[in-house]
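Let's take a friendly tour of one structure, stopping at two places. Have the picture open beside you as you read.

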Amino acid sequence: MAEIPGRPLRILLAKLGMDTHTVGITVVAHALREAGMEVIFTGLKQTPEAVANAAIQEDVDVVGVSSLSAGHTRNLPRLAQLLKAQGAADKLLVAGGVIPEEDLPLLQAAGFAKVFTMGTDTRDIVAYLRAWWGTRGAPQPPQP
Amino acid sequence: MSRPQDRVSAAPEAQDVAQEAERWQAATRAPHVAAHPERREPFLTQALKWPIEPLYTPADLEAAGFDYLTDLGFPGEYPYTRGTQPNGHRSALWTMSQVTGFGKGEDWAKRARYMLEQGLQGLILEHDLPTTNGYDSDHPLVEGEVGRAGMALDSLEDLERALDLPFERLKYLMSVCNAPQPVNLAMIIAALEKKGVDTRDFVLHIVNGILIEYTCVGRYIFPPLHGLRVATDCIEYIIRNHPNWAPISIISAQLQPAKANPVQEIAFSMTIAMAYLDAVLARGLDIDTVAPYFHFVINVDMDFFEGICKLRAYRKVWARLMKERYGASRPAALKIRMMTSPTTIALTLQQPLNNIGRLAIMATACALGGAGEAMTTPLHDEAHALPAEEAIRVGAALQHIVAHESGVADTIDPLAGSYYVESLTKRIETAAFEEIDRITAMGGALRAIESGYFQRALGREQYQRNKDVEEGRRKWVGVNHLVLPGEQRQLKIFRADNRMEEEQVARLKALRARRDPAAVAAALEAVRQAARSGANLVPPCLAAVKVYATHGELCDAMRDVFGVHTPDSQLTGV
Amino acid sequence: MDIAAEVLAGRVAAGARAIRWLDDGDLRGREVLRAIFPATGRAHVVGITGPPGAGKSTLVDMLITEERRRGRRVAVLAIDPTSPFTGGAILGDRVRMSRHALDAGVFIRSLATRGAHGGLSRSTYDATLVLDAMGYELVIVETVGVGQEELDIVRLAHSTIIVAVPGSGDEMQAMKAGLLEAGEILVLNKADREGCEATCRHLELLLHLREGGDGAGAWRTPLLRAVAARGEGGDAIVAALDAHRAYLQGSGEFERQCARRCEAQFLALARAGVLAQLQVRAGAALLEEVRARRLDPYSAAERLLAPLRAGACG
């Protein structure tokens, strides 16, 4: 059953811009659900503004962006900035897809904790998220 | 050739074989397997996950109800299982073609000119993502994408510039653009008119495959019902006005990255074809006229026999559908037209030279299954964003090696009669028809798309196949088997040139300032009117592009009437 | 950050956090509810349910547009099932409403059922209170419902919209079983599909049979047609919602329903709390006795309740 009873990790999966490849994000979404997490999908062709709003409305723990086109150097930092500006800097930011090595420092500086390049085993993604979730501290016990 | 008396004695022979097979299994094979356990448990085909028996015999054909004349027949004759050409590849080989990777932005016109000067007669027009999604280059959503994946086509002006070519050498133009097809078609027709090109002497081939876009590619604009209407307008317009052009391609190959198995590939692509067919037939055209215009692009994957049997089944399924469900009688309507190719999803980023071996196996499977009119070889190393000369040379040589050195194309459908191949072909055909019936019962491909049936089925396959690799059930050399430690390879992405985007946006602004605004507004309203009334959209689009209404404006005019497609989450239903 | 104060001020981040606490069973959520409770009871809670594939999310998308046009602030709770095997969920309803992603007057929240039956999560009612206190005039709760099990939405909402589609034989059967009898507005979506007329007649007959015994002043469930994907039919649905709200307020039923819900929530909380308390005190030993058949269930229950009867609990 759920990893932490009564308190599953909530993650927003987003696709920014014109890129409409969904196989990667589909596979990850299913893997995260199998791992007991709640996955909220924004849909395709989203702007950083729309994704930031969704992240806050859904009060997710993690925001994961999938990017297979070249827009990541602009879009992803903008998203990070918007989240910070709206007081949501404590949400974990991760990205996945086709992101060249040379862009990783830029994304890290912008606030992305991890970039899962194409071909990353979904079990590694789950392990990473679970480990991070574990460091968030014990949840408030359910009401008696 | 089998003799008449062979058929009569088939039944008793099969019985004897079945008995003997049982004896062999118990007395010879079982003891051996007890001492030498099998290396896989169980053996399953790669995509369909069907059990693979240790041995196939005539008893299996008997059990499948196989009959040579009904199931196979002869090449060039119904049901075309053994091929649509009476002489297979013995008279003419398949056309050998290649992915060139050209078509990025401004370079297209330069390369096109170069290729024509080198003697090539055909060109492919690829469009950038803003264009295929129905946006102008200055739309806020498309920043960074202008001119990256192909040409930016904002107006007739852009196409006139790109098509500044020696047209006397150009015999064939293919345009890859699905959702905004009538706008794209109108621009091409207008550009050709301006150049004074005689369209009877020249073939335009539009992909126009919006239903596959809804299913798994994602470049759509309007809700599916209207997307289909828009595509049908283009098909009808071309059949009536330019009958030598090609108005539709069913690119089943796009279902492969979405992890469709062969049964799904056949069933989804056939029901999608039927959706277009039904729509066009409803406009007063008849099946024998329309069916020959359909053409399929089919890929094979690494499972050798799944690939071969799928190609054979494709021919039989199309023929049976056209004859039994549509009453077609012309051979041209019953014979499927197809282009084949090894799939890129089987190739690995790691140890790219291994891919040459993979391509050779898959190209051989195409040849053995019947390569169709043309075979395309992808490049063995996709980490290069633009092809290295060597990769092009190897890809081309590969087809020649298969064709001239291996002998597989020297007799027609050589694997016919193989107990395994015929069992698998028949099983695929049967399962495909079951799935086609299921989809038809729910209202056809359009309903399947609207209800998310296709997308959910594919989502499940994607998840399962990925798990198979991660958990080692599928051995993939370089990825989870014989991995080269420390190998680091990355897909190169083509970076957008900001300058190119800025120039395009500036050109667009200048164009808007130069035009007659009243003429444009009237032309856009005429498009909306046609959208509302059901009249064919191509003529009003043609009039509009000539007064330089932009691509985005025309798509917006249609959005005003049709609305926009926001589909269910693709990620449901495991 | 004083979450309760922020919620009353309509701040999205605070409201989202409060809903999260309530969903997770975090005690801080309870405190927020205590503070904001007096400000609740104004919002019109609208339930939307129907079989999968009926186009509920698209319909909600259309309703949001219509309500926004009338200047109302709208909140949506979209509920999808949690996997019973893994405890995870994929929540994709907001995809269909993505055009409203940048509208400050629209709040969309996805919730998973987290093992609750009946089509809603345990936190749904409390979440509607948070949204109510934030000032959203309309709170739409969207969930899948096909039969008699998923009727919690009807008890939760002031007005329940049942969404049907033409021609679906199996679904019609399932809906006959109970759902159709409960809704106050019936919408036939995808009305441009084949089989629309036949389905309409079928539904009209069902409604007619249902109305049979009602009095003169009773609400008559309208059957409305829509093609949500084209934005058609939203106006009539909103008008029906407004009419139903007026009907409820005019007859005093609006307040009575709110009161019933408060009462139901109190009883549910009390029930759960008392049971938990009893289990804590009696412990696993009693359970083991019953399992081993050394003690029958009836005697065991008596033993559990004895302290409560004696007034010693609390």
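This is a predicted model: local features need pLDDT of at least 70, side-chain atom pairs count only at pLDDT 80 or more; totals for chains, interfaces and linings use all residues.

Residues are numbered from 1 along each chain as its sequence is written, and chains are lettered from A and ligands numbered from 1 in the order in which they are written.

**Where chains A and C meet**

- In chain A, 34 residues are in contact with 33 residues of chain C (contact means that the C-beta atoms, placed from the backbone, lie within 7 Å).
- Two or more residues on this side of chain A come from each of α1 (23-34), β2 (38-41) and α2 (48-57); helices (H or I, at least four residues) and strands (E, at least two) are DSSP runs, numbered from the N terminus.
- The most comes from α2(A), with six residues.
- β2(A) runs parallel to strand β3 (residues 89-91) of chain C, joined by three bridges (strands pair if DSSP finds at least two bridges between them).
- Opposite A:Val39 stands C:Ile90 in β3(C).

**A helix in chain B**

- Helix α8 (residues 181-195) of chain B has 15 residues and reaches 21 Å from its first C-alpha to its last, close to the 21 Å expected at 1.5 Å a residue (1.5 Å times one less than the number of residues).
- Among the elements that cover its buried residues are α7 (156-162) and α10 (224-241) of chain B; buried means that 20 or more other C-beta atoms lie within 10 Å of a residue's own, with C-beta atoms placed from the backbone.
- Just after α8(B), B:Gly196 has a positive phi of about 70°.

How values were computed: Two residues are in contact if their C-beta atoms, placed from the backbone, lie within 7 Å.
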